[in-house]
Amino acid sequence: MTLYDTTMPDDKPADGQPAPAGLKPWGETKVVGTRAPRIDAYERVSGAAIYTQDISLPGMLHAAILRCPHPHANVRRMDLSKAKNMPGVRAILTHESPSADLPWFFGDKGPMSKLFDPHCRYEGDEVAAVAADSPHRAWDALKAITVEYEELPFVSEIEEAMKEGAPPVHEGGNRGRVRTSERGDIAKGFAEADVVLEETYRTSCELHTPMETHASVAQWDGSRLTVWDSTQGVFDVQKTLAQYFGLPSSSVRVIGHYMGGGFGSKLELGKYTVITALLARDTALPVKICLSREETFLCVGNRPANIMQLKAGVKNDGTISALHLVNVGSGGAYPAGSGVGYLVQDLYLCRNVKVEETNVFINAGTARAMRAPGFPQCAWALEQMMDALASKIGMDPVEFRLKNVPAYSQTRNNTPFTTTGLKECLTEGARVFGWKEAKATIRREGTIRRGVGVAAGMWGWEGSTVSTAIVKLFADGSANLNIGASDIGTGTKTVMAMVVAEELGVPLERIQVENADTATTSFAPSSGGSQTVVANSPAVRKAAVEVRTRLLELAAEELKCTVADLSLNDGAIQTLTAPARTVPLHELQSLAQREMLVGVGHRDPHPQGKIPLPFAAQFAEVEVNTRTGETRIVKFVAAHDSGRMMNRLTFENQVFGGIAMGIGFGTSERRILDAGQTGKMVNANWHDYKIPTAVDVPPEHTCISVDPHDTECNNTGTKGLGEPATIPTAAAIANAIFDATGIRVTQAPVTPMQLLALLAGQEKGGRQ
Amino acid sequence: MQSTVLFVLDGQLVRLGFSPGGYPHVTTTLLQYLRSLPGHRGVKEGCAEGDCGACTVVLAEPDGDGGLRYRAVDSCLFFLPMIHGKQVITVENLRDPSGNLHGVQQAMVDEFGSQCGFCTPGVVMSLFALHKTLSAPKREQVVDAIAGNLCRCTGYRSIIDAGLGAVGSGAGDQFHADAGRIHDLLLSIPRDGLMIETGGRRYSRPSTIEEALDARRREPDAVVLCGATDTALRVTKNHEEIPSIIDLSGIAALRAQRRTDAAFFFGAAVTIQEVMDTAEKGIPSLAGMLAVFGSRQIRNIATIGGNVGTASPIGDTLPVLVALGAEIELTGSHGVRRLPVEEMLTGYRRTACRSDELITGVSIPRIPSDITVRAYKVSRRADLDISTVSAAFRVRVDGDGTVDGAILAFGGMAEKVRRARSTEEFLQGRPWTRETVDKAMAGLSDEFRPLCDVRGSASFRAAVARNLLLKFWAETAGANGQRAVASAEGVHG
Ligand SMILES: Cc1cc2nc3c(=O)[nH]c(=O)nc-3n(C[C@H](O)[C@H](O)[C@H](O)COP(=O)(O)OP(=O)(O)OC[C@H]3O[C@@H](n4cnc5c(N)ncnc54)[C@H](O)[C@@H]3O)c2cc1C
Ligand code: FES
Ligand code: FES
C-alpha cells in the first residue's frame, strides 16, 4: 500500500490465529519503561559509528549525478568528449548507455519513466552520471559535460496546473481522477447543523532534509551485489534492486547499520543507488555516492502541498453533524499521491462525511512519504476548524473535542479501537498545561500578545505484522538479538534489547544487536509509519520467551525441580523453593553443553475485531509581536497515547523531535519555486529553507505518556509514536495565534511576513 | 616565506605539503581533509555550506596568557592553510586514552542527546568548546553554543539538557593536562608567511600588512580573504576554481583590537565573535546585533573586515556601523585613509576599496550618553540566519523633547545598506512623539524600493522597516513622549 491512500486499507481483522495464550502484555516491568540510555550511544557520541557516507573500500570510486537544471526540458544532445578524457574519470552513464536503459516505476503505476529519462519533468531529474577516483573529480567532470536542452513550458503551481491549456507534465493532462469516499448523507448533516463553517486551508511543500544526505556504496563480487545504503528498510531496497538487476534476492545484500535520518525520504530505493550499482558493475570497482545537500532538496521526496476546502456543520450541543473535505494536492511530477482525508473521517465522531481528493502533476520533485504523510496537513485544516466551531457554539475547544471522542474506527465499519486514549490525552494535557487558567488570564492586548491553542490527532495505520526476530543466548549468559529493522535514530536497537533483557534477565550491556543486513538478519518491515516498535517488539519478545522457556526447562532438569520453582534474574537462575540456590547462567552445565540456545519469534497478527491506533493532543502557548509579525512559542505540552512507553528517553526524544518538526511545518518550512520566471527552486539550501534550530524550540516543553494499558493490541502493549508526535503541532500553534490575535492563519507556514500582512489588514478592517 | 602548513592534530605536530596534482589542494577544506584521514571520519558533512554544524571541530590557539583558547568552527568553510599554527580537535580526540568518554559526551549519553546521531559529533564539539570556556553555562549560553548545529531528530531538548548537565567537564579533562605541551608546540610553529604554489594555483598567507600589500600589487586580481566564510562557498558550493588567494588571517596586526577614550578599533581580521565580546562591554547596540549573526561557529571565523568587504545589502554589521558613525581604515601603498561606512559602500557588493588597498580596520567612536542607538534584525528564523530586514537607529532628543540628530540606517531595503536621509531630515527639530513617528513611517515608504526575494517580499520589507521605527520609538520614549530609556541597548527585533 502507499501511505498516501485516502482510506487506509480495510485490513480485515486478522485472518491468522489469535495471540498464543500466556503472552499477554507485561504487568510490572523491570527494564522496559525505564530511562535506559541507548545501547550504541558510545559509538554515536565518540564518532566511531560508521555511516554509509563513512564507508571507504579499497579502490573505491566516487559517483556524481548531472541533473536537469530546468523544470521541464528535453535532452537534445550531449557532448561527453571533454569529460571522458579528464583525469580520474572512469565511467559515464547517460540515457544512451545500453546498461542504463532501465524503466523506472512509481508505485504500482507501471513504468512511467526511465533511469535517465531524456524527457526531464522536474529540476533535478537525472541526466547523466560519472564515476571518478575522487568526489571533486566526479563533480568537475559533470561540469565538463555539455547538454543541449529543449526547454519546455512548465507549471509550478497547483491551481495553474489544473487550468485548461496548462502545460501538461504527462500526456493526458495534469489532473488525476477525483477519489471520493462518503458515508452517511452530508446534505442531511448540514441541514441538521446549527452552525456551518467553510474555509480553505493551504499547506506548503515541506522537505525531509535528514542530516545524512542520501548515500550508497555498491560493490560486486561476480554476480553478487552488496550495497551499503542509508535507508530505512534494507529488505525493501534489496527486493527492488533484485528486480532491477534481474537477480535472485539471495544475490543482493543490503546493509544499513547506522543511518543519519530519513523521515520517509529513505523508505524506497533511489535512482542514485541503481546508478551507483551500474557504475560499480561497469568499472568492476566499488563505487560510492553521497548526494549533495542541494540534491536532497530537489529529488528525494517531499511532503506535498495541499489546498483543502473544509466545510463543517455542528449542533449547538457540540455534535458534529457533517464534514466535507475537498482536497487538491500535488505530489510533483510523478504519481506519489497527495491524499490527506483520514483524520476528517476518523478522529471525531461524525455520521456524515464526504472526502474528495485530487492529485495534480506539476513540474517539481516527486513526493515521498514524509512523517505521517497527509496527517499534519489534514490536522492543519480540521483542527483549526474545530477551534472555529467551538468558538461559534461557545464551547471550550477541549470540551468540544472531548464530546466527540470515538471509541471505534469509523473508516473500518465501526470496529472498536483496542483503546482510545484521546480523552486522557486531552484532559491530562489540559491539566498539566494549565489550560483553563491560561484561557482565562492570558494577555491578548498590546504589541506582544499571548495566546493558547490545542489540537489533537491520531495515526491511521496499525503497521505491518510481518517480522521475525532471532535471539541467541550464549553459554556465558550474554545474548545476541538479530532483527532486520533499521534503527533510524528512534532507538530501535535499544528498545528491542530492553525487551530481551526483560525476558531473559540478561543485563543490557551483555546484549548485542545485529540489525539491518539482508544477509545476516531476518525479515523486518521498513522503519517508518510508526510501525517499528509495534511490528518488531512482539516478535522479539516471542523469540526471547522461547529461549527463556527452553532455558528454564533445561535448568529444571539440571537442578531437579520444576520450571514453576525457578526464576530468571540478573543473569542467573534462582530457585524459589528450598534449598535456595542461585546459578549464574555461565555455570549452567546444560547450557554450556549446547553452547547456544536460539529462539525464533514471529509477530502475531493484529487482534481480531479490534483496531490498535495511537492518539495525541498538544497544547501551545505563543507570543506574537504585532509589529514584526514574529511568533515565539513559549510553552508546549504534548500528551500521547502510544500504548506502553518502552523507554522514557526514547519516548521524550520522539515527541520533542516530532514537535520541532511540526514547528517547522507550521512556522518556517516551505519549498519556494520561482513560478513566474524559471520554475526552479530558489531555496534549495538550509540557509533559505528554514528548519528549526535550538533557538526556535519552546523553552518550556513537557510531554506526557497517557498509557491506557492496552492489553489487546499486541504482546508488548505498544502503539506507534513517531508520526503522532508531529501531527497536531502546527495546528495547535495556529490556534494559539488565533487566540492571541483573532487572526485565523489558513496558510502554513505562518511566516512573520504573512502574519504582519494579516495584522495590517485587521487593523484596517477592525478586529473581528 | 615557507610552503608547508604546520598544525597540531591528534596531539602531534603535522607538516602538510602541497604538490601539483596531489591531494590536498590549497582550497581543500579542513572538513574534506579530515574525512580523507582514516581516523577522523566522525567529522560529518551535512551541507558543506556553513548551515548545519555537522562538521564542527574545535581549534585551540595560544591565548596570549600562557593558556589555550578553544573555539568551535565549521570545518567545511575552512581552507586548509588557514589552520597553520593551530591545534585541531575532532570528536575522535575527546575520549581519553583508556576510551572513557569526555564529560560532554557522557552527558549526551545520559540525556539521549543523539538520535540518528549524524549531527552528534558536531554537537559534541560545540558543547566541548562551550565547556572549555564556561564551567557552568546557563540555558541561553547552551542554546547559543548549539544554535549552529541543526538537528532534524531530537527537537534539541535533550541536547540542551546535556549541555546543562555537563557542568565542570571542561576543567579537569585530558586537554587541561596536556595544555602546556600543546601551547609550546604551537608557539614553536614559525609565524612567518606562507606561499604555496601548486599546479598554477597560488595561495599566499602573508604575516605583515606590507607583505600583503606587495602581494596585492603583484596580483591585483587575487581574491583577498579574512575569514573566508563567503569565499569558501564559491569553492564548496559552486565548485569554482580560484586561481589566486591572499589570506589575511595570519597577520597579527589585523587581529588586534584597541580601545581609547574616544573610540574602539578592530583590525579587519578580528572575528565577529571577538567583536561581539568587546561590544558587550561598551557598544551594546552592536553586541545585540552580533548575537544573532550566523551561528557561533560562523562568528568564530567570519570577520568584521570581511563583512564590510562583502558589502552585502543584508550585511549585519553595516547598518549599526553606519548609525554609530564608524569609519573604515583602508591601507594602500600610498598610505592610510579612513572612510565613513556609508561612503565605503558604493553599490551592490561593491566598496570604495581600491585594488591596491586593503581594509585594515574599523573604528567605532564612543557614543555620548545622551544619544540612543539600537539595532534590529528580522528574519524567518531566530538564529543561523542573515537578515531579511535589519535596521539601526540613532537619535538624540533635546531637553524640550525634540529630535536633534537622527540616523536611520536600513539593511535589506536597497541594493546596499542605506540611510533614510529624507526621513532623518523630517525628524530633525520635531517632537519625538508617536504623531511624528507615524508621519515619518509614512515618509519611509517613499524612500526605498525594496527587493522581492526568497527572504521577503517588498511590501513585507517596507512594513517591517516602518514598524521597526515605531518599535524604536516605543522603546525609547514613554507614552507621553518622555524619554524613558537612557542607555543604548541592543535588541533582537
Ligand atoms: C552559514 C552562514 C551564515 C552567515 N550569517 C551571516 C549573518 O547572520 N550576517 C551577516 O552579515 N553575514 C552572514 N554571513 C556572511 C559572512 O559570514 C559575513 O559576511 C562575514 O562577515 C564575511 O567575513 P569573512 O571574513 O568570513 O569573509 P571573506 O570570505 O574572507 O571575505 C568576504 C569578502 O570581503 C573581501 N575582503 C575580506 N577581507 C578584506 C580586506 N581586508 N580587504 C579587502 N577586501 C576584503 C573578500 O575579497 C571577499 O569578497 C553568513 C555566512 C554563512 C556561510
Ligand atoms: S557541513 Fe554543514 S556547516 Fe559544515
Ligand atoms: S540526531 Fe539526527 S540529526 Fe540530530
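Helices and strands are DSSP runs numbered from the N terminus, a helix (H or I) having at least four residues and a strand (E) at least two. The structure described below is a predicted model. In chain B of this model, B:Asp10 is placed in the loop between β1 (5–9) and β2. The phi angle of B:Asp10 is positive, at about 55°, although the residue is not a glycine. B:Asp10 counts as partly exposed, because it has 14 C-beta neighbours inside 10 Å, and a residue is classed as buried if 20 or more other C-beta atoms lie within that distance.

A positive phi is also found in chain A, where A:Ala516, likewise not a glycine, has a value of about 50°. A:Ala516 belongs to the loop between β23 (511–515) and α15 (532–559) of chain A. With 29 other C-beta atoms within 10 Å, A:Ala516 is buried. In chain B, the peptide bond from B:Tyr23 to B:Pro24 is cis, with omega near 0°, and B:Pro24 is found in the loop between β2 (12–16) and α1 (30–36) of that chain.

Chain B contains an open sheet of 5 strands in the order β10-β11-β16-β12-β13, with antiparallel pairing. The edges of the sheet are formed by β10 (257–259) and β13 (335–340) of chain B; each has a single partner strand, so one side of each is left without a neighbour in the sheet. On average, and with direction ignored, neighbouring strands of this sheet are turned by 20° against each other. Strands of a sheet pair through backbone hydrogen bonds, in a parallel or an antiparallel manner. Between β10(B) and β11 (residues 263–267) of chain B, which run antiparallel, there are 3 bridges. Within this pair, B:Phe264 of β11(B) is the bridge partner of B:Arg259. Helix α7 (residues 209–218) of chain B lies across β12 (327–332) and β16 (357–365) of chain B, and runs at about 135° to β16(B).

The residue B:Phe264 is also in contact with B:Thr278, as is B:Gln257, when neighbours of B:Thr278 within four places in sequence are left aside. B:Thr278 is part of helix α9 (residues 272–279) of chain B and is partly exposed, with 18 other C-beta atoms within 10 Å. The C-alpha atoms of B:Thr278 and B:Gln174 are separated by 30 Å, the two residues being 104 residues apart along the chain.

B:Gly325 follows α13(B) and has a positive phi, near 70°.

The shell around ligand 1 comprises 32 residues, of which B:Gly227, B:Gly294, B:Gly306, B:Asn307 and B:Gly309 come nearest. Two or more residues of this shell are given by each of β8 (223–225), α12 (304–310) and β16 of chain B. The most is given by α12(B), with 5 residues. By residue class, the shell divides into 16 nonpolar, 12 polar and 4 charged residues.

At the level of domains, chain B is divided into domain 1 (5–93 + 180–250), domain 2 (103–172) and domain 3 (371–476). The centres of domain 1 and domain 3 of chain B, taken over C-alpha atoms, are separated by 39 Å.

In chain A, strand β21 (residues 468–474) is joined to β27(A) by 7 bridges, and the two strands run antiparallel. A:Thr468 stands opposite A:His602 of β27(A) in this pairing. In a regular strand the side chains alternate between the two faces of the sheet. Strand β27 (residues 596–602) of chain A has a covered face made up of A:Leu597, A:Gly599 and A:Gly601, whereas A:Met596, A:Val598, A:Val600 and A:His602 form its uncovered face.

Note on methods
Residues numbered from 1 in each chain as written. Chains lettered and ligands numbered in written order. Predicted model: local features only at pLDDT ≥ 70, side-chain atom pairs only at ≥ 80, totals over all residues. Buried ≥ 20, exposed ≤ 12 C-beta atoms within 10 Å, placed from the backbone. Contact = placed C-beta atoms within 7 Å. Pairing = 2+ DSSP bridges. Axes fitted to C-alpha atoms, helices over the stretch in contact; angles between N-to-C directions. Near = placed C-beta within 6 Å. Nonpolar A, V, L, I, M, F, W, Y, C, P; charged D, E, K, R; others polar. Domains from an automatic or database assignment.
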